[in-house]
Amino acid sequence: MTCLPGKTERALGLVIDLDTCVGCQACVTACKGWNDQGYGVPLSDQNPYGSTPSGTFLNRVHSYQVQPEAAAPMIVNFPRSCLHCTDAPCVTVCPTGASYKRVEDGIVLVNEEACIGCGLCAWACPYGAREMDAAAGVMKKCTLCVDRIYNENLPEEDREPACVRTCPTGARHFGDLADPGSAVSQLVAARGGYDLMPEQGTRPVNKYLPPRKKDRPDQASLLAPLLDIQATGLAGWLDRVLGKI
Amino acid sequence: MNPAPSVIIFTVLSGMGFGYLALLATVHDYTGLAAFWHWFVGYALASIGLAASAFHLGNPSRAWRAFTQWRSSWLSREAWAAGLALLALAPVALSDWLQLGLPRVFGWPGAVLAVATLAATGMIYAQIRAVPRWHHWTVPALFLAFGAAGGCLLAGLRLPSLLALLVLGGMMALHWRVGDGAFARAGSTLGTATGLGGLGQLSVFEPAHTAGSYLLHEMIFVVGRRHVPRLRALALILGVALPFLCLLLLPGRYGPYAAVPLHMMGAFAQRWLFFAQAEHVVGLYYGKR
Ligand code: SF4
Ligand code: SF4
Ligand code: SF4
């Protein structure tokens, strides 16, 4: 079970656009909301209204500051969830077979009935994509909303992950990254989508799109012609006369 | 990484226990009541350790499932090796105690399994690439060296103990030396973690969450790193130097008697550091290591 399938028929995953993400945390909330009542045990919170709240989340959004050498600094918001890696180290370390990668679509899942909560898979994941649920003692991770994407009880437009569906800026895209003709694959090709921590050898399925190039401050301003103010009329006459004295 | 007491107790006690059992099965031939007590100590150390490790689980009642994935998982292999070693050694232990006269060769399979258990424990950590300090052959070598030193000391073998302690001291120092540069060598930075490294100087603007989380508690444990030099000195002095001197200077059995508790304290110090000092690459996302 915890041996990885050599090749999966499809490679479903997310493409996350760091250019358009505004860091609103809507996907964090939508993910928690959906997965609280869907696949497996709910995502528990500990001491949620107290002084030291904590809880289980499958998706978190960070914010980083980038200071280019000769340009204005920028903020990049950075959602982080499971990348459904091709060579998922979290799967092979699992002693119970609870962690597995599906042959049919490449989704990495935890069978919570079999998980003993040893936590080894969370150690093995370089991306911090797995969190142990403190109430249930089993490992939780992004399911790629496996209970939405194939769910015929939902209207067609809802058959995509909750985080993708909810994102107000359309920064998250869902599709088959093994199919070069899919919309997500083309987006990755067009925008130079990349892997996180390639040196860890995990070969993630999810891709990130870099922020687009920003305007340079040294480029001429659009307002430049308006800045050279030429006085006309009485003021212009005064200007000329006074200039001659 | 979080130095959880259950895992520290498990690895130290069962490491000593399996090292000792391997020697009892091959080198020693106690008989009668003496044999009973020696085997009892070996079995007790090994199984107290295993029991302690169960406290680390979120769902201990399903622990039997850990035997199913031996083809891919080192944790599963460790469970098999430990279980089989304890089973395979039982006839030898019984024969020693009840003086049934089973030849010593029957101890060898169990001894090999006990050594394999030590190596598998080390490999559980060494396989984890996301913790660069652990991802190295010195880690299983260190666990084996601890098993050898602890086992020889418990068995009261003077010369082998002295040699094993020397090897252990060398392995500890090598593991620290290799480990100190491991994170940098692994090449993971906030730049590779976010892919934004090429754009400019990167820093954390806002954390993803202000409250605590499993990740911060388990993987980004930064509290204990301040005392590193002191703990390293303690591990070397208590774990290696003082037991060495005890064996050299104290007569007869008193050497090992004094050396064992000292060595154990040193082992606990080393093991605490082994976890507390190990940096997981996920810390990069939080601007921490
Ligand atoms: S991101 Fe982490 S949890 Fe997800 S498949 Fe990759 S290694 Fe496993
Ligand atoms: S925590 Fe559960 S899923 Fe993760 S390695 Fe342990 S048994 Fe497998
Ligand atoms: S795909 Fe589903 S489970 Fe995964 S991050 Fe998005 S909402 Fe959460």
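This is a predicted model: local features need pLDDT of at least 70, side-chain atom pairs count only at pLDDT 80 or more; totals for chains, interfaces and linings use all residues.
Let's start with the overall extent of the interface. The size of an interface is often given as the accessible area lost when the parts come together. Here, chain B and chain A bury about 4500 Å² between them, and 59% of that area lies on carbon and sulfur atoms. On the side of chain B, B:L199, B:Y214 and B:Y285 lose the most area to chain A, together making up 15% of what that side buries.

The table gathers the counts for this pair of chains.

| Item | Value |
|---|---|
| Residues of chain B in contact with chain A | 56 residues |
| Residues of chain A in contact with chain B | 58 residues |
| Salt bridges between chain B and chain A | zero salt bridges |
| Polar contacts between chain B and chain A (both residues at pLDDT 80 or more) | 29 residue pairs |

Which elements of chain B give two or more residues to the side that touches chain A? They are the helices α3 (74-98), α4 (107-126), α8 (190-194) and α9 (214-218), along with the strand β1 (201-206). The most comes from β1(B), which gives six residues. As for the kinds of residue on this side of chain B, 29 are nonpolar, 21 are polar and six are charged.

β1(B) also takes part in strand pairing across the two chains. Strand β4 of chain A, residues 59-67, pairs with β1(B) in the antiparallel sense, over five bridges. Within that strand of chain B, B:Q201 is the bridge partner of A:Q67.

Note on methods:
Residues are numbered from 1 along each chain as its sequence is written. Chains are lettered from A and ligands numbered from 1 in the order in which they are written. Side-chain values use heavy atoms; hydrogens and water are left out. Contact means heavy atoms within 4.5 Å. Buried area is the accessible area (1.4 Å probe) that two parts lose on being put together, summed over both. A salt bridge is a side-chain nitrogen of Lys or Arg within 4 Å of a carboxyl oxygen of Asp or Glu. A polar contact is a pair of N or O atoms within 3.5 Å; within protein, one must be able to donate a hydrogen and the other to accept it, and residues adjacent in sequence count only if both atoms are side-chain atoms. Helices (H or I, at least four residues) and strands (E, at least two) are DSSP runs, numbered from the N terminus. Ala, Val, Leu, Ile, Met, Phe, Trp, Tyr, Cys and Pro count as nonpolar, Asp, Glu, Lys and Arg as charged, and the others, Gly among them, as polar. Two strands pair if DSSP finds at least two bridges between them.
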